[in-house]
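Reader: I'm new to this one, could you walk me through it? I'd like to start with what the terms mean.

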Amino acid sequence: MTVVLNPGHNGGNAAAPAAISRLVPAGFGQSKACDTTGAETNLNGYPEHAFNYDVTLRVRALLQARGVRVILTRNSDSGIGPCVDERARIGNQPGVAAVISIHADGGPVDGHGFHVEECTCQPAGATVAALSHALTVAEHDALVRGSGLSVSTYLGSDGYLRRSDLAGLSLATVPATFLELGNMRNDGDARLQSSPAGRQRIAQAVADGILSWLATR
Ligand code: ZN
């Protein structure tokens with residue numbers, strides 16, 4: 001089994017506004033900026049791109065230890081992009097079982113918790129959409145059980161949010177889900193996100209969700 005982990009944003013994005021603001025295809029006739037800079041914690045200025053990449057490396061190690069092959073959409077935290085359409089192309093390679101996009105949110109300071117995002121669209125038909133939903137539920141349940149984060153108090157419903165404007169989901173032709181692993185603007189979530197032990201706990205939950213979904217395939 002091969003999965004693609006897609007850590008959001010990149011450490012070089014902030015210094016390359018022209019490159020990352022270039023418009024690229026985002027699915028269903030929409031265009032979006034190539035990439036964005038992401039959030040950071042108010043507590044200690046810990047940037048989302050670093051959180052996403054660190055959690056991704058931890059999830060990769062946990063999956064590889066269980067025999068899962070892992071491809072990343074970026075292999076450092078100091079580059080630019082790749083653009084959202086290129087990230088989608090990496091995920092849509094033959095043989096990929098699922099794509100998991102890894103982010104943290106920048107929400108209202110008094111809101112906290114994770115949410116998992118699903119597309120209202122069906123870019124590859126109903127069967128793949130059902131698999132994406134099952135993957136999203138598996139992630140949701142694993143995050144509730146083990147991440148140390150609550151379900152979001154400020155967005156969506158019970159930790160689920162459906163939207164139509166995420167290129168990573170709109171362009172995916174394989175089962176895909178999109179994780180917002182807490183609110184960086186909230187100091188409680190930020191304490192978990194900015195500590196290595198907190199990130200390991202979150203990563204373990206993300207890996208557990210992927211493994212439980214893979215076991216049904
Ligand atoms: Zn993000």
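Author: Let me begin with burial: a residue is called buried when its relative accessible area is under 20%, exposed when it is over 50%, and partly exposed in between, with a 1.4 Å probe and protein chains only. Strands are DSSP runs of E with at least two residues, helices are runs of H or I with at least four residues, and both are numbered from the N terminus. This is a predicted model, in which local features need pLDDT of at least 70, side-chain atom pairs count only at pLDDT 80 or more, and totals for chains, interfaces and linings use all residues. Residues are numbered from 1 along each chain as its sequence is written, and side-chain values use heavy atoms, leaving out hydrogens and water.

Reader: Okay, is strand β1 buried or exposed?

Author: Six of the six residues of β1, which covers residues 2-7, are buried, so the strand is largely enclosed by the rest of the structure.

Reader: And which residues are on each side of it?

Author: Thr2, Val4 and Asn6 lie on one side, with Val3, Leu5 and Pro7 on the other, and all of them are buried, which leaves both faces of β1 covered. In a regular strand, side chains alternate between the two faces of the sheet.

Reader: Which strands does β1 join?

Author: Pairing here requires that DSSP finds at least two bridges between two strands. β1 runs parallel to β4 (residues 69-72), with four bridges joining them, and Thr2 has Arg69 as its bridge partner there. β1 also runs parallel to β5 (residues 96-105), through six bridges, where the partner of Val4 is Val99.

Reader: Switching topic, what sense do β2 and β3 pair in?

Author: Strand β2 (residues 23-27) and strand β3 (residues 30-33) pair in the antiparallel sense over four bridges, and Pro25 stands opposite Ser31 of β3. The two strands form a hairpin with two residues between them, and Phe28 in the turn has a positive phi of about 55 degrees.

Reader: Zooming out, how many helices and strands does the protein chain have?

Author: The chain has seven helices and eight strands. Its radius of gyration, taken over C-alpha atoms, is 16 Å, close to the 17 Å from the globule rule (2.2 Å times the number of residues to the power 0.38) for 217 residues, so the chain is as compact as a globular protein of that length.

Reader: How much of the chain is buried?

Author: Buried residues make up 53% of the 217 residues in the protein chain.
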